[in-house]
Amino acid sequence: QVQLVESGGGLVQSGGSLRLSCTATRSIFSMYAMGWYLQAPGNEREVVAVVISDESTNYAVSVKGRLTISRDNAKNTMYLQINSLKPEATAIYYCYAELVLLGVVGRYWGQGTQVTVSS
């Protein structure tokens with residue numbers, strides 16, 4: 001089992017920046033993939049960024065250039081740097097991690113952290 005705890009959310013003005021953190025209760029070195037989703041009010045959860053175990057990254061087209069995902073294996077923590085925030089970025093941000101055990105992929109979720117961008 002893996003527990004994930006997000007932090008770093010809050011209220012920020014349009015144009016500002018935030019760095020979200022996702023800390024795991026076990027080593028993330030063995031995690032195949034980790035990433036972030038966001039869920040805006042009234043919308044479905046959508047993926048915004050993923051980092052694979054080989055450090056390769058992928059971003060949703062809508063956020064490319066404004067987000068940077070990274071992972072620090074020594075701290076068991078993944079980060080999401082968000083720049084040039086816009087009010088439409090207001091959402092709950094969830095982190096997830098995928099762990100492969102005996103050929104079975106398990107996906108674990110954090111509880112979410114609220115990001116509110118004021119205009």
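Two strands count as paired if DSSP finds at least two bridges between them. The structure in the viewer is a predicted model, and residues are numbered from 1 along the chain.

**Stop 1: the sheet with S1 and S3**

Select strands S1 and S3. Four bridges join these two strands, and they run antiparallel. Two of the facing positions can be picked out by name: Glu6 is opposite Cys22 in S3, and Val5 is opposite Thr23 in S3.

Now show the side chains of S1.

Four strands make up an open sheet, and its order is S1-S3-S8-S7, with antiparallel pairing. Strand S1 (4-7) and strand S7 (67-72) are the edge strands, each of them pairing on one side only. On average, neighbouring strands in this sheet are turned by 15° against each other, direction ignored.

**Stop 2: S3 against S8**

Keep strand S3 (residues 18-24) and strand S8 (residues 77-82) in view. Six bridges pair them in the antiparallel sense. Ser21 has Tyr79 in S8 opposite, and Arg19 has Gln81 in S8 as its bridge partner. Of the seven residues in S3, five are buried, so the strand is mostly covered.

Stay with Arg19 and show the ring of Tyr79. Arg19 lies over the face of this ring, at 4.2 Å from the ring centre.

**Stop 3: the nonpolar core**

Select Leu4, Trp36, Met78, Leu80 and Tyr93. These residues have the most contacts inside the largest nonpolar core, which has 33 residues. Elements giving two or more residues to this core are S3, S4, strand S5 (46-52), S7, S8, S9 and strand S11 (113-118). Which element gives the largest share? S9 does, with five residues.

Centre the view on Leu4. Leaving out residues up to four places away in sequence, Leu4 touches Cys22, Thr23, Ala24, Cys95, Tyr96, Ala97, Tyr108, Trp109, Gly110 and Gln111. Another core, of five residues, lies apart from the largest one; among its members are Ala33, Tyr37, Ile52 and Tyr96.

**Stop 4: the aromatic cluster**

Select Tyr37, Tyr96 and Trp109, which form one aromatic cluster. Rings pair if their centres lie within 6.5 Å. By this rule there are three aromatic pairs.

Look at Tyr37 and Tyr96. Their ring centres are 5.6 Å apart and their planes stand at 70°, so this pair is edge-to-face. Tyr37 belongs to strand S4 (residues 33-39) and Tyr96 to strand S9 (residues 91-101), so the pair ties together parts 59 residues apart in sequence. Tyr37 is buried, at 16% relative accessible area. Tyr96 is also buried, at 3% relative accessibility.

Turn to Tyr96 and Trp109. Here the ring centres are 5.6 Å apart, with the planes at 45°, so the pair is tilted. Tyr96 in strand S9 and Trp109 in strand S10 (residues 104-109) are 13 residues apart, and the pair links distant parts of the chain.

**Stop 5: Asn73**

Finish at Asn73, in the loop between S7 and S8. Asn73 counts as partly exposed, at 23% relative accessibility. What does Asn73 touch? Its contacts are Ile28, Phe29 and Glu55, not counting residues up to four places away in sequence.

Then select Val63 together with Asn73. The two are ten residues apart along the chain, and their C-alpha atoms are separated by 25 Å.

Conventions:
This is a predicted model: local features need pLDDT of at least 70, side-chain atom pairs count only at pLDDT 80 or more; totals for chains, interfaces and linings use all residues. Side-chain values use heavy atoms; hydrogens and water are left out. Rings of Phe, Tyr and Trp (its six-membered ring) pair if their centres lie within 6.5 Å; planes under 30 degrees apart count as stacked, over 60 as edge-to-face and the rest as tilted. Buried means under 20% relative accessible area, exposed over 50%, partly exposed in between (1.4 Å probe, protein chains only). A charge sits over a ring if NZ of Lys or CZ of Arg is within 6 Å of the ring centre and within 35 degrees of the ring normal. Axes are lines fitted to C-alpha atoms, for helices over the stretch in contact, and angles run from 0 to 180 degrees between N-to-C directions. A nonpolar core is a set of buried Ala, Val, Leu, Ile, Met, Phe, Trp, Tyr and Cys residues joined through side-chain atoms within 4.5 Å. Contact means heavy atoms within 4.5 Å.
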